[in-house]
Amino acid sequence: MRLIELSLRRRVTVSMLAVAVVLFGAVSFGRLPVSLLPDLTYPSLTVETRYDGAAPAEVESLVTRPVEEVVGVVTGVERLTSTSRPGLSQVVLELEWGRDMDFAALDVRQKLDLLTLPADAERPVLLRFDPANEPVLRLYLTGENQGPTALRYVAEEVLKKDLESTEGVAAIKVNGGAEEEIEVRVDERKLAALGLSVEEVGGRLLAENVDQAGGSLYESEARYLVRAVNELTDTGDVRDVVIATREGRNVLLGEVATVVRGARRQEVLARHGGAPAVELAIYKEGDANTVQVAQSIRARLAALAGELPEGIEVHHGADQSRFIEASIDEVLSNALVGGLIAMIVLLLFLKSVRSTLIIGVSIPISIVATFFLMYRTGTSLNVMSLGGLALGVGMLVDNAIVVLEAVFKRHEAGEGWWTASLRGAGEVGGAVTASTLTTVAVFVPVVFLDGVAAQLFRDMALTVSFSLVASLAVALTLIPMMTALAGRGEDGAAAA
């Protein structure tokens, strides 16, 4: 009763609060993340280790099993699965719901630092996505008069390195094109004349191409870390490698072999529009927003357009964000149509343009207030949340209709509009509040569920609850105030 009386006596204050809610809601709507569904990503981490040239059985015994043993003791791991392919090991950890993924990743990295793998195996890489998932965006790099080696180089050294720093991007895989390499074509006759074998030449190349720690040097209280760096970066460095000493003279690799720049044999062919291309498959982090990631990638590509070599173009392939945006637009349009139909039905039954307009104003204000509450609770715009909002649109008018009918009943009994608004709204205020809270009580417990059910229905439950609470506040404040203002020309008491 006091809230209703306050809204009638402080009409300017209530009006300014309503305007503020509309402004905050409009700003929040523009900042809400957009996704197809609520975040249904399992809390998982993937440990990927490459072991080139190894068969699946060797990968399993030498890489996969040791990795499983060290990461299997991480706190919160509920399930461990692994896949061993030729030259590749993937171990997927599924953690318990609610586990902080940043701390889980740190724990896994600490365990991997204690792991000893074969010398030929690469260091394990920790990924924040499931390799079984599809990339959110595929890009294709094409270029006129550009060979597969040049396209691959631009894709890896320009696009991949820049796009990987985009927020929400977990990994970028480059497919197609030709990877550049230095080929050493040995003359076996010259090797035989020197009494050398191909294995010895390979061993010398491996020994000369080093980048490793060399210990420490101490001087007084200072300590200097020593590192041996002797990487072979071009064909000249490879030709100058000493492979043997004969009769007091160093024999260089260039004397017994031809060293040229070449390309690895292509195992994956990528085409776009029938032309040779290089594909960049972009994967997002498990908790990242698909639409935001895709928008950030497009913005970075626009900034990189001037840095690409002349003739090279970037084309967009499969893009999950396009489907998501189209689905969200469809749900929004359906919600708008539903609200319009509700207004027409009200006009037919109430047979009063003034009453219909008063209730019509309450619907958008309640919806905009819901957007603000969604933004503050981190709820995204998705099919479930918008479905809950569309469901709530039909219930938003219930409180307003009950309050409005109570006011009209008092007015028809001979009371002025101001008095009718005060007493009529106060008479049904308790019943309207109880009715709304009983409906909210049905949806709120969904928020406290765990697992997939919580992730799937949480947004819908919150949206319905927010919209009902907002409609209750509007029905007990704005509806009596607007009713009193609309009838003040008919009742002198209202103007006083």
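Reply: Leu 340 counts as exposed, because its relative accessibility is 55% and the cut-off for that class is over 50%. This is a predicted model, and the residue sits in helix α11, which covers residues 320-350. Leu 340 contributes to a nonpolar surface patch of about 720 Å², in which the other members are Val 337, Ile 341, Ile 344, Val 345, Leu 348 and Phe 349.

Another exposed residue is Thr 75, with a relative accessible area of 53%, and its place is in the loop between α3 (56-71) and β2 (77-85). Leaving aside residues up to four places away in sequence, Thr 75 touches Leu 95, Arg 99 and Asp 107.

Turning to aromatic side chains, a search of the whole structure finds two aromatic pairs. In the pair formed by Phe 29 and Phe 371, the ring centres are 4.7 Å apart and the planes are at 40°, so the arrangement is tilted. Because Phe 29 lies in helix α2 (residues 11-31) and Phe 371 in helix α12 (residues 353-376), the pair ties together parts that are 342 residues apart in sequence. Phe 29 is partly exposed, at a relative accessible area of 33%, whereas Phe 371 is buried, at 9%.

Side chains of opposite charge can pair when their charged atoms come close, and the whole structure holds 14 salt bridges. One of them joins Lys 173 and Glu 48, at 3.9 Å from N to O. Since Lys 173 lies in strand β6 (residues 169-176) and Glu 48 in strand β1 (residues 44-50), this pair ties together parts that are 125 residues apart in sequence. Lys 173 is partly exposed, with a relative accessible area of 26%, while Glu 48 counts as buried at 10% relative accessibility.

A further salt bridge links Glu 279 with Arg 138, where the closest N and O atoms are 2.9 Å apart. That pair connects distant parts of the chain, with Glu 279 in strand β14 (residues 275-284) and Arg 138 in strand β5 (residues 137-143), 141 residues apart. Glu 279 is buried, its relative accessible area being 10%. Arg 185 and Glu 183 also form a salt bridge, with their closest N and O atoms 2.9 Å apart. Finally, salt bridges that share partners join Glu 48, Arg 50 and Lys 173 into one network.

Definitions and conventions: Residues numbered from 1 in each chain as written. Predicted model: local features only at pLDDT ≥ 70, side-chain atom pairs only at ≥ 80, totals over all residues. Heavy atoms only, no water. Patch = residues over 30% accessible without salt bridge, like charges linked within 9 Å, V, L, I, M, F, W, Y side chains within 5 Å. Areas by Shrake-Rupley, 256 points an atom, 1.4 Å probe, with all protein chains shown as cover. Salt bridge = Lys/Arg side-chain N within 4 Å of Asp/Glu carboxyl O. Helix = DSSP H or I, 4+ residues; strand = E, 2+ residues; numbered from the N terminus. Buried < 20%, exposed > 50% of the residue type's maximum accessible area, 1.4 Å probe, protein only. Phe/Tyr/Trp six-rings, centres within 6.5 Å; stacked < 30°, edge-to-face > 60°. Contact = heavy atoms within 4.5 Å.
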